[in-house]
Amino acid sequence: FTRELITCVEKDLDTELDWVAVDHHNTGHPHSHVVVRGVTDDGKTLNIAGDYIARGIRYRACEILTRDLGLQSELEVQQQLDREVDQERFTRLDRELVQHAGEKLELDTRLGQEDGAFGDTQRYRLLKRLKKLERMGLAKEAETGQWTLSPNLERTLRAMGERGDIIKTMHREMRNYGVERGVGDFAIHRGPDIKRWIPGRVIGKGLALNEMTDRMHVLVDGADGRLHYAEMPQRNAEGVKIGDLVGLGRATPEVRPADRDIAA
């Protein structure tokens with residue numbers, strides 16, 4: 001798919017491209033990263049219009065997928081939305097709720113209040129989603145059909161989605177190493193929140209969830225019986241290999257003679 005997409009881009013830009021791609025399976029959504037050299041086939045600077053980057057490439061990708069997979073039926077679209085009702089991540093349903101709620105984060109779902117805003121099926125689906133958000137503490141029904149959304153709704157749901165992707169990564173690396181643990185034995189550290197030193201063995205290593213940073217993750221089978229997912233700067237993870245015995249903890253800098261001289 002990536003090769004065919006780049007071929008379409010070359011035709012649109014009227015130049016051959018020097019490029020390289022890598023397929024990633026470190027999140028819940030397999031994807032490819034593409035790096036393109038900024039030079040045309042005649043040695044000039046490659047200029048790509050912002051509108052083409054924002055929408056043109058996506059349009060070409062849609063063309064390829066539609067040709068290979070066929071048009072998505074209305075039933076398939078509805079089934080996908082139905083599955084989003086109970087998902088613990090930020091969904092298209094949540095985006096629609098936030099859009100209609102506006103700055104006040106207030107939403108009136110009673111019939112006749114927003115004529116034409118929702119169809120009957122979508123209204124029922126959004127009401128079920130609001131009930132789910134209410135159980136999660138992210139929405140509140142003040143009166144029948146009148147809802148207030150939490151200002152933390154999007155941030156909380158996105159964080160929950162990221163946690164789900166991390167757990168999928170942990171399960172994959174556990175299978176590769178032959179380790180079995182329950183989700184209750186998982187500990188996820190995204191920052192300097194490790195309170196004590198945790199020795200263990202590295203059973204997985206890779207890019208952090210946010211691949212636009214220079215951070216890495218390691219999966220450590222800890223001596224405390226838990227599996228620990230920890231992120232750190234890439235320089236700290238260099239030299240760490242799967243199978244190594246390590247310790248997880250917040251780094252404590254040692255006072256060196258030069259530090260004493262500077263302090264003096």
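The model is predicted: local features need pLDDT of at least 70, side-chain atom pairs count only at pLDDT 80 or more, and totals for chains, interfaces and linings use all residues. Residues are numbered from 1 along each chain as its sequence is written, and side-chain values use heavy atoms, with hydrogens and water left out.

I next examined the strands β7 (198-207) and β8 (215-222), which run antiparallel and are joined by seven bridges. Strands (E, at least two residues) and helices (H or I, at least four) are DSSP runs, numbered from the N terminus; two strands pair if DSSP finds at least two bridges between them.

I then traced the open sheet of five strands, in the order β6-β9-β8-β7-β10 with mixed pairing. β6 (186-189) and β10 (245-248) stand at the edges, each with a single partner strand, so one side of each has no neighbour in the sheet. On average, neighbouring strands of this sheet are turned by 40° against each other, direction ignored.

I noted that helix α6 (153-177) packs on this sheet, where α6 touches β6, β7, β8 and β9 (227-233). The direction of α6 makes about 125° with that of β6 (axes are lines fitted to C-alpha atoms, for helices over the stretch in contact; angles run from 0 to 180 degrees between N-to-C directions).

Finally, I located Glu-88 in the loop between α3 (74-84) and α4 (92-101). Leaving aside neighbours within four places in sequence, Glu-88 is in contact (heavy atoms within 4.5 Å) with Lys-132, Met-136, Leu-157, Met-160 and Gly-161.
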